[in-house]
Amino acid sequence: MPYIPVTGEQQEDMLHKLGVVSVEELFEDLPKRLRYPKLDLSAGISESEVLRELSALAATNANADDYRWFLGAGAYNHFIPAVVPALASRGEFLTAYTPYQPEVSQGTLQAAFEYQSMIAALTGMDAVNASHYDGATALAEAVLMSLRGTSEDKRLVLLPEGLHPEYRAVLELYLSAFDVELRTYRGRPADAAAEKTTNTGLTAVVACYPDFYGRIPDLSGAAEAIHEAEALFIVAADPIMLGLLKSPGAWGADIVTAEGQSLGNELAYGGPYLGIMATTNALVRRMPGRIVGEARDAEGRRGFALTLVAREQHIRREKAVSNICSNQGLAMLRSCIYLATMGKTGLRRAAELCWHRAHYAAKRIDALPGFTVEEGAFFKEFIVRTPIDAEILAERLYERKMVPGLPLSRYFSDRRKELLVCVTELNTREDIDDLVESLREESK
Amino acid sequence: MIHPDIPLLKDLSVPGRIGASLPRLDVEETPIPPQLLRDSLTLPEMDELSVVRHFTLLSQRNYSIDGQFYPLGSCTMKYNPKMNEAAASLTGFRRTHPLSPERISRGAIDLLYKLQRSLEAITGFSAVSLQPAAGAQGELTGVFMIRDYHRRRGENRRTRILIPDSAHGTNPASCTMAGLIAQTIPSNTSGGVDLDALRAACAEEGGKTLAGLMITNPSTLGLFECNIEEIVRIVHEAGGLVYGDGANMNALVGVLRPADLGFDVMHFNLHKTFSTPHGGGGPGAGAVGAAPSLSDYLPGPLAAMSSEGPTFTVPKHSIGRMKVFNGNFGVLVRAYAYILMLGADGLRRVAEGAVLNANYLRALVEHAYPVAYGEGRRSMHEFVSTGIPNVHTLDVAKRLIDYGFHPPTIYFPLIVKEALMIEPTETESKETLDAFAKALLSIAEEARSNPELLLAAPHDTPVGRLDETAAARKPILCYR
């Protein structure tokens, strides 16, 4: 086998050194009756056979290269410059461990520091951690963070009605150990926070920027109203949109979370993705996750190391701010390379393309007989009301090698005639025109 | 050798440069409300080659499995086959959307289903969820399941989870996040669970508050817990459930199914045992297996097989969702490729090779590096030394860097004061083990004759030992 280099002859020598005749003797502490069970697993096959089998499985999946793709809903088909996979797949990054030994991990550490710096700039915040599992767990941990250090009577978290249903599910599970009410609000977060009579014990108000339906909420006055209630303002943002629009920090957020998949990570059927978390200097010691900081050696040379570790599980055990250990380091590295490559101009241009093409698509679809697009400010995603069942319509478009969006019935059984359409910088005018034409023809 | 600083991205930025080429705008513009526009954005402005050089230079400042031996105890830093990368980058996996309709993503669901079945076969559990993103998230999943099991039976008072003092920090931290109380139980003189202490802890508060036990086997000392079946029986008889921490599964794969020991729930680190790369800290995958007692509580959805082909299903009493979508799918593809290639026989050879290598390496160095609790017993996939006289374990670790080896895990488990935890894995050759042993022995000699050499190590890295205390006091977390 190519992954086990010890030869039969060497094994004999090694066993001899150990004073045993068989490898099984090394397992003498294991209950004898349980040793060497017959596994219901096929015999091994060769590399070419493995890849043939997996290629056959992969070939049955619709993919965003072969289909015109208008489905987002939390995972987005954005451009990934070729340098991102080329650099991130270097073995020195790919096969390194967590940088607990900084002298031999300066590559990973400096990249993490640069990632933290660029995300701080993008979100308008002071400090950033080196990743969570995904956007949903980052948001859940942000809400947990808002509970930390608060008094017992802090028991209310306000969540927007447009929160991604799967994020909502993750939040409910992560918060299930705490006596906290998760209450849904509609409309402006400033107004929700100002409802003093019903908001006893308000801990945090979450806003999605934009929400699951692509809608950009009015965040004006939110930070003031939320801080007035002595609660924290948490914003879950789209990082591509932040290349163009006002940062959550500028809106007064205390904690910002985001799904970083859009920043150079593949769709990959749902993962690995990147949970982004950023906060203010005042809250950094309550933030979970690994953080990289600048440090000096005895000769004054600059280096980078994991810092503020007194928050973490390997030091504080049951008193740690979170149990997180392994994170999404490689996804973070990909986002770091992505941001360096796209830079200030590239990220803005991608966001502008999303904005203009999505609005172009929305206008054209809205003009189709029987179709309407919900009004209001949106970014790259919008709800389309369809004349016929959206799932049936979508099914017809699959035959044309087109995935027109997410039928909302996937999450809400009573919303049969709504389609969530997503347009990014990878959808050309031709694609959009084709989509419009197909919707018209297939909805008759 | 001189190691100049690698400039930060901000210092490489030159206004007017761009590293990416984007399509031209081909539709009419829609005005953006001015009150929504951001004023400025400070991101680097670089050409593509500058980006490539920067990250290439950075990568060269890392140790990695591809370059160096990484005997990092409890982390199973085995070789990450390149075949896995080829599998994960197939277009039909890489470019498939997680909400793609089932009818046009059967292959992806089928892969999840086949991996679930393979892990069930390997571990003996009746059902497996692939959703958790990492070992710690798998643990949290498991303790949520234990909590909900008791709650469903109306036993809300069962909130105490017993954890041996040799456990990973994630065990007690996961309990806290699940609203349970982590209670430490001491190890006995041979490093195993102290049975009397276990019985006493189970019986506390009339025996009505025990939720369960979290146990790592082989333990973090690299020793198989010989009393494991007795331990499981004690906890079960007290009404508790047993969580198995699968961090050390590399010692058992193909040789023993952990479910046969009586565990109710357990996670497996696919990024350890099943060869997926660590990526400088992640992503991992912490698949969770459950015995019939808990399989209805697994997070959903799970992949399943219907008459129409692969589909999804949600367990009857599912705890809910740990993560969006389908787990760290790219990691799952890699692990499945590895299992396919090795098959049952290959996996058995993994554990055998891991245990053989660990015991051989131990035999080469134990006269100089005494083994904690291991007297007269075989180690499993790793061993823990108590260190050497005259210097601290940290100094040994740093000196190993001068010899071109990544340091082992140090100061863990906490019950061994100067712990040096060595796990060679099965993918290292006898030549590498011999060379590493030689380095360790020569360091032991240096510790006697010239300890200053160790105290000042490492000598030829881009930076020396960093002042982490000062860095934490006045943290600099971003460049400005």
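Modeller: Strand S12 (residues 381–385) and strand S15 (residues 418–422) of chain A run antiparallel, joined by five bridges. Two strands pair if DSSP finds at least two bridges between them. Strands here are DSSP runs of E with at least two residues, helices are runs of H or I with at least four, and both are numbered from the N terminus. Across this pairing, Ile383(A) stands opposite Leu420(A) in S15(A). Strands of a sheet pair through backbone hydrogen bonds, either parallel or antiparallel.

The two strands belong to an open sheet of four, in the order S11-S12-S15-S14 of chain A, with antiparallel pairing. At its edges are strand S11 (372–373) and strand S14 (406–407) of chain A, each pairing on one side only.

A word on the model. It is predicted, so local features need pLDDT of at least 70, side-chain atom pairs count only at pLDDT 80 or more, and totals for chains, interfaces and linings use all residues. Residues are numbered from 1 along each chain as its sequence is written, while chains are lettered from A and ligands numbered from 1 in the order in which they are written. The predictor's confidence in each residue, from 0 to 100, is its pLDDT. Chain B has a mean pLDDT of 96, and 100% of its residues reach 70 or more. The model scores are ipTM 0.97 and pTM 0.98.

Now step back to the whole of chain A. It has 13 helices and 15 strands. Its C-alpha atoms fill a box of roughly 80 × 55 × 50 Å along the principal axes. Of its 444 residues, 60% are buried. Buried means 20 or more other C-beta atoms within 10 Å of the residue's own; exposed means 12 or fewer, partly exposed lies in between, and C-beta atoms are placed from the backbone. Two residues are in contact if their C-beta atoms, placed from the backbone, lie within 7 Å. Among contacts in chain A between residues at least 6 apart in sequence, 72% join residues at least 24 apart.

Next, the two chains together. Their contact takes 163 residues from chain A and 162 residues from chain B. Helix H11 (residues 329–366) of chain A gives the most to chain A's side, with 23 residues. By class, that side has 86 nonpolar, 44 polar and 33 charged residues. Nonpolar covers Ala, Val, Leu, Ile, Met, Phe, Trp, Tyr, Cys and Pro; charged covers Asp, Glu, Lys and Arg; the others, Gly among them, are polar.

One residue shows the contact in detail. Ala173(B) sits in helix H7 (residues 170–177) of chain B. It counts as buried because it has 28 C-beta neighbours inside 10 Å. Leaving out residues up to four places away in sequence, Ala173(B) touches residues of chain A including Gln313(A), Arg317(A) and Asn323(A).

Follow Arg317(A). It is found in the loop between helix H10 (313–316) and H11 of chain A. Arg317(A) counts as buried because it has 22 C-beta neighbours inside 10 Å. Most residues other than glycine have a negative phi, and most peptide bonds are trans.

Two peptide bonds to look up are cis. One joins Gly271(A) and Pro272(A), with omega about 0°. The other joins Asn217(B) and Pro218(B), again with omega about 0°.
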